[in-house]
Structure formats: structure tokens, C-alpha cells
Amino acid sequence: TFISIITGTTAIATITAPVSGQHMLVLIFTNANPGGVTTGGNIRNAVDPAQYVPVLLFYDPISGFYAAN
């Protein structure tokens, strides 16, 4: 879905695109020490999120990567 609630502490490095084409996802981490968003999969840049602060991810279907805010 557009907004995903993340409850764990494992870092996210790969996201399976839910649709083809350009799109945006919002991740909201509920843990006080979230694992964050890391590179190594299909995410172009790492983000160290704060609890309950939305992280925006923008998908580029040409490169196959998400860019995080």
C-alpha cells in the first residue's frame, strides 16, 4: 500500500515494487530504534529514520531503484 507501518528493527535494503512505473511509498517506523533503510538492494541511498517520522521512497522504473528522502 502507499503507507506501510514498519514495526521491527531489521534494516530494509530491498523492496518489491507493488506496481510498475513511477510511484512513491511511505514507511513509518514504530520502533524507538528502527533498523532504517540501507543500500545493498534496490535502494539508492540510506536513511536513518526516527520513530513515527515518515520516510518517503520514490521509485524510478528505468534504473529499478528507490531514492529515499
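Ile-5 is exposed, with a relative accessible area of 52% (exposed means over 50%, buried under 20%, partly exposed in between, with a 1.4 Å probe and protein chains only). Ile-5 sits in strand β1, residues 3-6 (strands are DSSP runs of E of at least two residues, helices runs of H or I of at least four, both numbered from the N terminus). Together with Phe-2 and Ile-3, Ile-5 makes a nonpolar surface patch of about 290 Å². Patches take residues with over 30% relative accessible area and no salt bridge, joining nonpolar side chains (Val, Leu, Ile, Met, Phe, Trp, Tyr) within 5 Å and like charges within 9 Å. A salt bridge here is a side-chain nitrogen of Lys or Arg within 4 Å of a carboxyl oxygen of Asp or Glu, and accessible areas come from the Shrake-Rupley method with a 1.4 Å probe, with only the protein chains shown counting as cover for residues.

A word on the model itself. It is predicted, so local features need pLDDT of at least 70 and side-chain atom pairs count only at pLDDT 80 or more, while totals for chains, interfaces and linings use all residues. Residues are numbered from 1 along each chain as its sequence is written, and side-chain values use heavy atoms, leaving out hydrogens and water.

Now for the overall build. The protein has four strands and zero helices, giving the pattern β-β-β-β along the sequence. Its radius of gyration is 11 Å, close to the 11 Å that the globule rule gives for 69 residues, so the protein is as compact as a globular protein of that length (the radius is taken over C-alpha atoms, and the rule is 2.2 Å times the number of residues to the power 0.38). The C-alpha trace spans about 35 × 25 × 15 Å along its principal axes. Of the 69 residues, 32% count as buried. Among contacts (heavy atoms within 4.5 Å) with a separation of 6 or more, 48% come from residues 24 or more positions apart.

On to the inside. The largest nonpolar core has 14 residues, and those touching the most other members are Ile-12, Ile-15, Leu-27, Phe-29, Val-37, Leu-57 and Tyr-66. β2 (23-29), β3 (55-60) and β4 (65-68) each supply at least two residues of this core. Such a core is a set of buried Ala, Val, Leu, Ile, Met, Phe, Trp, Tyr and Cys residues joined through side-chain atoms within 4.5 Å. Beyond four places in sequence, the contacts of Phe-29 include Ile-6, Ile-12, Val-37, Ala-50 and Val-55.

Phe-29 also touches Gly-36, a residue of the loop between β2 and β3. Gly-36 is buried, with a relative accessible area of 0%. Leaving out residues up to four places away, Gly-36 touches Ala-11, Ile-12, Phe-29, Val-47 and Pro-49.

Tyr-52 lies in the loop between β2 and β3 but counts as exposed, at 54% relative accessibility. Phi of Tyr-52 is near 65°, a positive value in a residue other than glycine. Ala-46, again in the loop between β2 and β3, is exposed as well, with a relative accessible area of 52%. Ala-46 touches Val-37, Thr-38 and Thr-39, not counting residues up to four places away. The C-alpha atoms of Ala-46 and Ala-13 are separated by 8.7 Å, although the two are 33 residues apart along the chain.
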